[in-house]
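Visitor: Can you walk me through this one? I will ask as I go.

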Amino acid sequence: MRTLSDFGCPSFRLRQASRTGCARRSGGAVPCRRAGGYRRKHIHAFPTAPAEIGKEFDDLSFLNEEQRQAYEGAYKLNYTLYGLPDNLVGVDVSPRFTQQSDSEGVFVLTVGNYALYENPYTDFTNLMQSVFTTDFIRRLGPLYTEKFIDLDGHLATSCDSVLACPMHNDLSRTVMDNCPDTYRLESVTDDTVVFALISHYDRNWASSFAPDDMDVYTIEYPIRLVRTADGWRVDEFHSTDFGYAEAVLEPPLSEQDLQVPVPEFLTAEQQMVYQRAYKMMLVRAGTYLIDDTQYFPYESPDTGRTQTDTVTVDGYDYTPALNRYRNWDMFYAALRDIFTRDFLDDSYLASDGYCLFRPIDGRMYYLLTERGFAAGYNQVTTTMTFTKLEETDEKIVIRVTAVYATDDTGSQAFRQAVQDGLVSDTSTYTITMVREVGGWRFAQFEVPF
């Protein structure tokens, strides 16, 4: 067990004031423009260089030609997969993708909410399979299965903006020009290459475009290439532009999760945010549940550590997350797509003066707690009713009344406690949604368990 008092990070509350937790930062507001002027990120052709584990590179010279082509192929599809799918038209691939249009070539033909392409659907699946592993494609979920469909043999792409991920908040032309991405080689085997994409962002981009005014910080994204029977493919991918774009799909919702009652007066988008928030509040019953694959499935756990590899901070032992949310930035990005920053700082990441979740060396660690579920709670027998207390274009306030079963379907011990006046069979609380840039978030949230 390691012991340390300070990981070089600000205090917990100050750290949460940053957009992505305690990412590695540059020294102050010093511009980091490199010699040689502006350099466009990522896409270069360099000779193969000897692998140096742990070294930071300004280019992709640590990859061989086939590996570079795989990574560059993934980057070409960045805006198509995570942004608007119509970006596919501009991707320089063979065959090129062309949308169907009317007889005058003015309007794109659509069927329902999908734009039609001249290309057969197999052109798209072949392209994806030439760049990514089947596991990566499967993990894209609706960003693949709903965004791109087979319509009578032709490719069709969704026009639904819900499937377009938001770009990272602090990306700007100034920081891109002066602080190009760098890369750090993590590991190399005959069948796998893992490296970190070190992306630079500017907190001050909204107030100034001057390089001297930049407040630069970095986030490191894991990239993994694997050798398959068909050649090198990308098995994990992120980009500076979209960061942890897949966080908009977090957490995974099972059929049981989708049965949780939701306020019927909310829109479909708002109801989905409610269901995601409800799932992430499982930590109320115990922080350890955030790393439980029964609730948050994950097929590639961290095999280099165990839950006994705790780290002591401020006198408390923190347990490393090993599964779906073991990366702090991914965890925080998922939460920020559901909750406001103030709610996370005051009610989720910390409680009663204790820091429950914290980043350590880019990893997510949690303070082990176990409270259990509220007496009488059962997802099947507990009923919830929702009352709208306030609604504006920017805010919705809802009162939730949960009633726990006291008949034969509930717990006998709980029923007796209610009859004896020791506990109540009803719980009432208030939740609040607010509109932020990027969508609706919860500024106040509670659950009946």
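Visitor: Which residues are buried in helix H11?
Guide: This is a predicted model. In H11, residues 412–419, the buried ones are Phe414, Arg415 and Ala417.

Visitor: How do those buried residues fall, seen down the axis of H11?
Guide: They fall within an arc of 160°, so they line one face of the helix.

Visitor: And which exposed residues are on the face turned away from the buried side of H11?
Guide: Gln412, Ala413 and Gln419.

Visitor: What follows H11?
Guide: Gly421, which has a positive phi near 75°.

Visitor: New topic. Where is Asp241?
Guide: Asp241 sits in the loop between strand S10 (231–236) and helix H8 (268–280).

Visitor: Buried or exposed?
Guide: Asp241 counts as buried because its relative accessibility is 2%, and the cut-off for buried is under 20%.

Visitor: Which side chains make polar contacts with the Asp241 side chain?
Guide: One is Tyr75, at 3.5 Å. Another is Asn78, at 3.3 Å.

Visitor: What else is Asp241 in contact with, leaving aside neighbours within four places in sequence?
Guide: Besides Tyr75 and Asn78, the list has Tyr79, Met167, His168 and Leu171.

Visitor: There is also Asp235. Which element is that in?
Guide: Asp235 is in strand S10. Its relative accessible area is 10%, so Asp235 is buried.

Visitor: What polar contact does the Asp235 side chain have?
Guide: The side chains of Asp235 and Thr133 are joined by a polar contact of 2.5 Å. Leaving aside neighbours within four places in sequence, Asp235 is also in contact with Asp135, Phe136, Arg139, Arg224 and Val226.

Visitor: How far is Asp235 from Tyr71, in sequence and in space?
Guide: They are 164 residues apart in sequence, and 9.9 Å apart from C-alpha to C-alpha.

Visitor: Back to S10. What is the strand order in its sheet?
Guide: The order is S2-S7-S8-S9-S10, five strands in an open sheet with antiparallel pairing. S2 (56–57) and S10 are the edge strands, each pairing on one side only.

Visitor: How many bridges are there between S7 and S8?
Guide: Six, with S7 covering residues 182–188 and S8 residues 192–202. Within that stretch, Tyr183 stands opposite Leu197 in S8.

Visitor: What about S11 and S12: how do they pair?
Guide: S11 (residues 311–313) and S12 (residues 316–320) pair in the antiparallel sense over three bridges. Thr312 is opposite Asp317 in S12. The two strands form a hairpin with two residues between them. Asp314, in the turn, has a positive phi of about 55°.

Visitor: Which strand does S12 pair with over three bridges, S16 included?
Guide: S16, residues 363–367, also in the antiparallel sense. The bridge partner of Tyr318 in S16 is Leu367.

Visitor: Where is Asp352, and what is its phi?
Guide: Asp352 is in the loop between strand S13 (350–351) and strand S14 (354–355). Its phi is near 55°. Asp352 counts as exposed, at 73% relative accessibility.

Visitor: And Asp361, what is its phi?
Guide: Positive, about 55°. Asp361 lies in the loop between strand S15 (357–360) and S16, and is exposed at 56% relative accessibility.

Visitor: Which peptide bond is cis, around Pro95?
Guide: The bond from Ser94 to Pro95, with omega near 0°. Pro95 is in the loop between helix H3 (78–82) and strand S3 (110–111).

Visitor: What does Ile290 touch, not counting residues up to four places away in sequence?
Guide: Among them are Met280, Val283, Phe296, Tyr325 and Met364.

Visitor: Last one, the whole protein. How many helices and strands?
Guide: 11 helices and 20 strands. Of the 449 residues, 49% are buried. The accessible surface comes to about 21100 Å², and 49% of that belongs to carbon and sulfur atoms.

Key: Residues numbered from 1 in each chain as written. Predicted model: local features only at pLDDT ≥ 70, side-chain atom pairs only at ≥ 80, totals over all residues. Heavy atoms only, no water. Helix = DSSP H or I, 4+ residues; strand = E, 2+ residues; numbered from the N terminus. Buried < 20%, exposed > 50% of the residue type's maximum accessible area, 1.4 Å probe, protein only. Areas by Shrake-Rupley, 256 points an atom, 1.4 Å probe, with all protein chains shown as cover. Polar contact = N/O pair within 3.5 Å; in protein donor to acceptor, adjacent residues only side chain to side chain. Contact = heavy atoms within 4.5 Å. Arc of directions from axis to C-beta. Pairing = 2+ DSSP bridges.
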